[in-house]
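I opened a new page for this structure.

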Amino acid sequence: MSRSDQIKSVSIEGNIAVGKSTFARLLQRAEQHWEVIAEPVSKWQNVDQTNQTEHHPQQSSSNLLQMMYHDPKRWSYTFQTFSCMSRMRTQLQPLPVRASGAVRVYERSVYSDRYIFALNMFELGCMNSTEWAVYQDWHSFLVEQFGRRIQLDGIIYLRASPQTCMERLGRRGRVEEQGIQLDYLEKLHTRHEDWLVDRKTRVHFEHLETVPVLVLDADVEFEKDPKAQDNLLTKVRHFFSAL
Ligand SMILES: Nc1ncnc2c1ncn2[C@@H]1O[C@H](COP(=O)(O)OP(=O)(O)OP(=O)(O)O)[C@@H](O)[C@H]1O
Ligand SMILES: Nc1nc(=O)c2ncn([C@H]3C[C@H](O)[C@@H](CO)O3)c2[nH]1
């Protein structure tokens, strides 16, 4: 298969509640050959636990997202291990045979796991330097092992002010996120800007240094505005056709 026939992999990146899922739904409706893959949040909210004792197998689940927000020092490393592993699974899922021009669009990626969230948790002191070193070591090892299968051909960055995200987060009302302060969203915003706009975050994978990034203004209220939606879709089509 020539490179131009290959299915392209693109991730949608952006701050919490900026509108990634909403935008992903728009893409899914727009073209049949764009396959959108949601962030596996429900897996983080329901971590299966089967405690297999000899005579009494017990089934229960825990909400790791809640635990991480409630006690980030205790749970950040565990959370990043689990979130990254679930993203790897998602990015490695076998592909159905598709027409040429097909694009797989992931909500976030193993790269934002590391260069946005895990790095931020380390800088906030919620992961210590040993946990951060261990995370980075297995992250690099696995990403290198999977090679082309886990690489991205492009990134769409939904960019909005932290104030807009705070307002949308409040409106959405996800229970686990009730304690999130503007300050946290500002830090995550800076991480996105460093990585995807100023390109000053040090990345450890060659393809990521030059991966094309489409920056879209996500302050725009496009949800109920067909003209704004068309405008965004035109930019996306252009971007995909050049990958
Ligand atoms: N462009 C927009 N204009 C106005 N409201 C929006 C827009 N995009 C999303 N919203 C609203 O903001 C809230 C958060 O959107 P959404 O769940 O899509 O965010 P997200 O980026 O996927 O969140 P997360 O980071 O948690 O995965 C929802 O209530 C949604 O209806
Ligand atoms: N700590 C941390 N690390 C991650 O890799 C990560 N990815 C997403 N999230 C949080 C943001 C939303 O609340 C919610 C859904 O996106 O989960 C994360 N939190």
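This is a predicted model: local features need pLDDT of at least 70, side-chain atom pairs count only at pLDDT 80 or more; totals for chains, interfaces and linings use all residues.

How are α7 and α8 oriented to each other?

**Entry 1: α7 and α8**

I looked up the axes of α7 and helix α8 (residues 182-197), which come within 9 Å and cross at roughly 130 degrees. α7 and α8 are therefore oblique to each other. The crossing of these two helices, α7 and α8, is right-handed. I then listed who makes the contact: α7 contributes Pro 162, Cys 165 and Met 166, and α8 contributes Leu 182, Leu 185, Glu 186 and His 189. Sorted by class, the contact of α7 with α8 consists of five nonpolar residues, one polar and one charged.

**Entry 2: α4 with α5**

I reminded myself that two packed helices are described by the angle between their axes and the distance between the axes. For helix α4 (residues 72-92) and helix α5 (residues 110-123), the angle is about 175 degrees and the axes are 10 Å apart. That angle makes α4 roughly antiparallel to α5. On the α4 side I wrote down Pro 72, Ser 76, Gln 80, Ser 83, Cys 84, Arg 87, Met 88 and Gln 91, which meet Val 110, Asp 113, Phe 117, Ala 118 and Met 121 of α5. The contact of α4 with α5 has seven nonpolar, four polar and two charged residues.

**Entry 3: α4 with α6**

How do α4 and α6 run relative to each other? I found that the axes of α4 and helix α6 (residues 129-146) cross at roughly 10 degrees and come within 11 Å. α4 and α6 are therefore roughly parallel to each other. In this contact, Tyr 77, Gln 80, Cys 84, Met 88 and Leu 92 of α4 meet Glu 131, Tyr 135, His 139, Leu 142 and Phe 146 of α6. I counted the classes here as seven nonpolar, two polar and one charged. Gln 80 is listed for α4 against α5 and again for α4 against α6.

**Entry 4: the sheet**

In which order do the strands of the open sheet lie? I read the order as β2-β5-β1-β6-β7, five strands with parallel pairing. β2 (34-37) and β7 (213-217) are the edge strands, each pairing on one side only. Neighbouring strands of this sheet are turned against each other by 20 degrees on average, with direction ignored. I checked one pair: strand β6 (residues 154-159) and β7 are joined in the parallel sense over five bridges. Leu 158 has Leu 216 in β7 as its bridge partner. I also noted that α1 packs on the sheet and touches β1 (8-14), β2, β5 (103-107) and β6. The direction of α1 makes about 155 degrees with that of β2.

**Entry 5: ligand 1**

I found 17 residues around ligand 1, the closest being Gly 19, Lys 20, Ser 21, Thr 22 and Arg 168. α1 (20-30) and α7 (162-172) each give at least two residues to this shell. The shell around ligand 1 has six nonpolar, four polar and seven charged residues.

**Entry 6: ligand 2**

Which residues surround ligand 2? I listed Ile 16, Glu 39, Val 41, Leu 65, Met 68, Phe 79, Gln 80, Ser 83, Asp 113, Phe 117, Met 121 and Glu 177. The elements giving two or more residues to this shell are α3 (64-70), α4 and α5. By class I got seven nonpolar, two polar and three charged residues around ligand 2.

How values were computed
Residues are numbered from 1 along each chain as its sequence is written. Chains are lettered from A and ligands numbered from 1 in the order in which they are written. A residue is near a molecule or strand if its C-beta atom, placed from the backbone, lies within 6 Å of it. Helices (H or I, at least four residues) and strands (E, at least two) are DSSP runs, numbered from the N terminus. Ala, Val, Leu, Ile, Met, Phe, Trp, Tyr, Cys and Pro count as nonpolar, Asp, Glu, Lys and Arg as charged, and the others, Gly among them, as polar. Axes are lines fitted to C-alpha atoms, for helices over the stretch in contact, and angles run from 0 to 180 degrees between N-to-C directions. Angles under 35 degrees count as roughly parallel, over 145 as roughly antiparallel, 65 to 115 as roughly perpendicular and the rest as oblique. A crossing is left-handed if the near helix is turned anticlockwise from the far one by less than a right angle, and right-handed if clockwise. Two residues are in contact if their C-beta atoms, placed from the backbone, lie within 7 Å. Two strands pair if DSSP finds at least two bridges between them.
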